[in-house]
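Hello,

Here is the structure I promised to send over. Have a look at it first, and my notes follow below.

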Protein chains: 2
Amino acid sequence: MNGKGPAQTLQIRRVGIDTWRESVVYLHRDCPVVRAEGFQALSKVTVHANGTTLTAVLNVVDDERIVARCELGVSEDAFARLQVAEGHAARVDHAEPPPSIAALHRKIAGDRLGREDLQAIVADIAAARYSKIELAAFVVATHQFELDRDEVLHLTQAMAAVGQRLDWAHDVGAGPVVDKHCIGGIPGNRTSMLVVPIVAAHGLWCPKTSSRAITSPAGTADTMEVLADVALPTQRLAEILRATRGCLAWGGTAGLSPADDILISVERPLALDSPGQMVASILSKKLAAGSTHLLLDIPVGPTAKVRSMPEAQRLKKLFEFVADRLGLHLDAVITDGRQPIGRGIGPVLEARDVMQVLGNAPDAPNDLRQKALRLAGRMIEFDPDVRGGDGWRIARDILESGRALERMNAIIDAQGRRTPPPPGPLTFDVAAPVSGTVVGVDNLRLARIARLTGAPQVPSAGVDLAVRLGDRVEAGQPLYRLHACYEADLAFARAMAEADSGWRIGDAATLPRDIVDGRGLS
Amino acid sequence: MNGKGPAQTLQIRRVGIDTWRESVVYLHRDCPVVRAEGFQALSKVTVHANGTTLTAVLNVVDDERIVARCELGVSEDAFARLQVAEGHAARVDHAEPPPSIAALHRKIAGDRLGREDLQAIVADIAAARYSKIELAAFVVATHQFELDRDEVLHLTQAMAAVGQRLDWAHDVGAGPVVDKHCIGGIPGNRTSMLVVPIVAAHGLWCPKTSSRAITSPAGTADTMEVLADVALPTQRLAEILRATRGCLAWGGTAGLSPADDILISVERPLALDSPGQMVASILSKKLAAGSTHLLLDIPVGPTAKVRSMPEAQRLKKLFEFVADRLGLHLDAVITDGRQPIGRGIGPVLEARDVMQVLGNAPDAPNDLRQKALRLAGRMIEFDPDVRGGDGWRIARDILESGRALERMNAIIDAQGRRTPPPPGPLTFDVAAPVSGTVVGVDNLRLARIARLTGAPQVPSAGVDLAVRLGDRVEAGQPLYRLHACYEADLAFARAMAEADSGWRIGDAATLPRDIVDGRGLS
């Protein structure tokens, strides 16, 4: 009759289901443990096996082909965390709530959290003790104006503390370790791939790690991957930096901010990205990556992530406050986010733009070149030996002399060169419906259209722009070309582009002055 | 090469996994649709099959024994919603965000929502278009003081509108349809099972539906189920009411507030139950059940759900505001929630208390009897022919004359009589550690101990109280007896009770005056 107690061991069975950063275990409905413990679907349970414990969510199974009555099925994520073989003995019982749940409830109730509260929450998140529901509760409760700047500082420190930490002191001594980050939202805008070789050629240590696209048609990691391997172990990163002073790697392998990786799995489907969370996410990774100097690019525009100058200023000050207290030298620049930067949108097309600028090709996109030089110049001024104001000229000399291209090739070879495929062979030109001046563009719509062509999963897919704000167009003249590899992709993207191309054609008199005379925000 | 388009049909396969109110679909990682659509783990997808569409969360599978490459695995919940046979053709594509997501984002940002916003959100929730993450976002965003009273009204109306609606006009004409609800949190307290037969015997129409225990050791549905069937189709309810004027059924079969059922699946693990959500949950169900008059019991005590009189008053006023605008006649009473009501905690023990009171047994728990008479008296005064102040005397006469017991037996027979099992045979007496006066009790701890004995899954398990606040006890005298059916259950409950019994023994001088002289809040 006794249905309980430590004698109730189960055999681990790997269930080949990918539950994406949430550990799920599967128990048969008639498993004696389910009845004895009073487990229900979605109960949070603790798994004990071979000295390891793991918090997981329970799915109750009615099919013995998935798990038998004496088995504990574990999802791929749970299997990876447990690190025991199939058939290993395990026990399972009700999970105690994570230690930080009381702090989470205080935040939901509107309280201000202290340093220890945020440390406890981040430790629980990094240890996968929060369910998706609890993660969502944390993300919503800390959204918008709910985190004050001290809380953001403590959250950032806590997030950096639970990850791996890179230390370059052995290589650079007291010298700067420079990095560059854009808060995102602008299609194209692949400046990192220009800035890193320029700055590295100047001699600064620039270990740049980037993310893959989450909701955009290409991230820097996706674009660099067209030219070179980007999934590099930390040890390889150090070797590459010693050889070239720069790298352009995917940050996912470095484990720099595991709590952030988990939070993103909830922020992404909720499309929530509050200032506090953004600052903590970015700066915790930079701190963990061992950066000492950071150039931050905040694009502003009606369809950018930041919509107005006052909003950009508030975000800049929040970044500065936190960075100062972390001992991170931060230089934030507010740039023109009213339209895409460069011509290509999509990994292959953006890589092409980058290589054109590095090769000083006469038809290289000038907006991308100018923005990259501006940012690289600011970074070069992180060098204590460079006089304030000289950075731009130094950057331009490095680019024009071919030393930037040479350094990029060295980085590509060091990471592992790949041959970029050509742009998608299936094309369609989206034409201006009327004659007039290009007076507006919807970045978000261009990004959606580019994603419909298949980018970034299909690297050759994307959008190649033919116009910029202020250009005069005639009816029927192409605004951009769609590139795809599959007919259905092209058809979907074309249908969306024909419904609304994203560009507005109108009266030149409505254009802001700085676009008419060619002086942009940046 | 073309991996997309409507030609890509898959075969439905039922995957016997219970994902509890969230529809999950399983696709093999190498399924062409996964690659073509760029699906990732936890992508939200729309399933199209046989004219039905369904929103679901994707789990990516690496094991062909769970789903083959041409199959679309569906969890039990998704299978039930789709209502098509295994092997049926289905298509799957990226889900558009639910129409109300913009309103959810405005609520997260702190906006006040209008009637249409809340209607749209509730419609999406009831149609299972929100993921668990989105549900959690809604629950947290509307928590605490975030919903103003107009929002609570609109939420309540929207929740009632998406469910089934019972209409008793054919039976009662313009006469009252009375109901009674306690906001919960007090162990024992099984007054509904006394109030319903008393009020029905008086002649009022009282279609009482109750929930099962969520976090407590027994709900009214669990306790009534010891004596009679409670899972009754709506049609049966009507027949029973015509015969007896009262019923004590489980509300889960009636589908009265499907959005609420789904919200609870998130509120429960988050342990969030804000005033606005509580009011909307309770009143939407009463409205859908066709009630015209509601007696609401709000227990107050240091370990009750409501901790202070000001808090109880605020909650009462919110209930009154919403009920008035719904045309629901609401009478809210604030009662003494400082200790359990009755002796038994657990379905069988609580059913025993109820039958003792109905049978006018000399040792029947007097606190339960008095509270039930008070509540029944207030409900009887909903009868337009009863003079204000006469209800209590009428209720007492019905109880003392045996007419309440007679009516309860009629209700039990009509629902389908069951023979209650005896209390759990394994027992342990928890003794007072010192001599003194019982000056305090932790309701939450008693509830946890009762759950450890096995209640409510094991109906015979529970706690049988031997003392009340104000009693004088000697060291070694029993405070309560544990009943269990399994040795391990008894051992767990005993260990917790021995660590802290939940009762405080101290100096009689610290007791509030009303307990010393026997006049409680109620």
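How many residue pairs are in polar contact between chain A and chain B? The count is 8, with both residues at pLDDT 80 or more; a polar contact here is a pair of N or O atoms within 3.5 Å, where within protein one must be able to donate a hydrogen and the other to accept it, and residues adjacent in sequence count only if both atoms are side-chain atoms.

Please keep in mind that this is a predicted model: local features need pLDDT of at least 70, side-chain atom pairs count only at pLDDT 80 or more, and totals for chains, interfaces and linings use all residues. Residues are numbered from 1 along each chain as its sequence is written, chains are lettered from A in the order in which they are written, and side-chain values use heavy atoms, with hydrogens and water left out.

Now the interface as a whole. On chain A, 50 residues are in contact with 52 residues of chain B (heavy atoms within 4.5 Å). Together the two chains bury about 4,200 Å², and 62% of that is on carbon and sulfur atoms (accessible area, 1.4 Å probe, lost on being put together and summed over both).

The rule also finds 2 salt bridges across the interface (a side-chain nitrogen of Lys or Arg within 4 Å of a carboxyl oxygen of Asp or Glu). A:Arg29 forms a salt bridge with B:Asp18, with the closest N and O atoms 3.1 Å apart.

Best wishes
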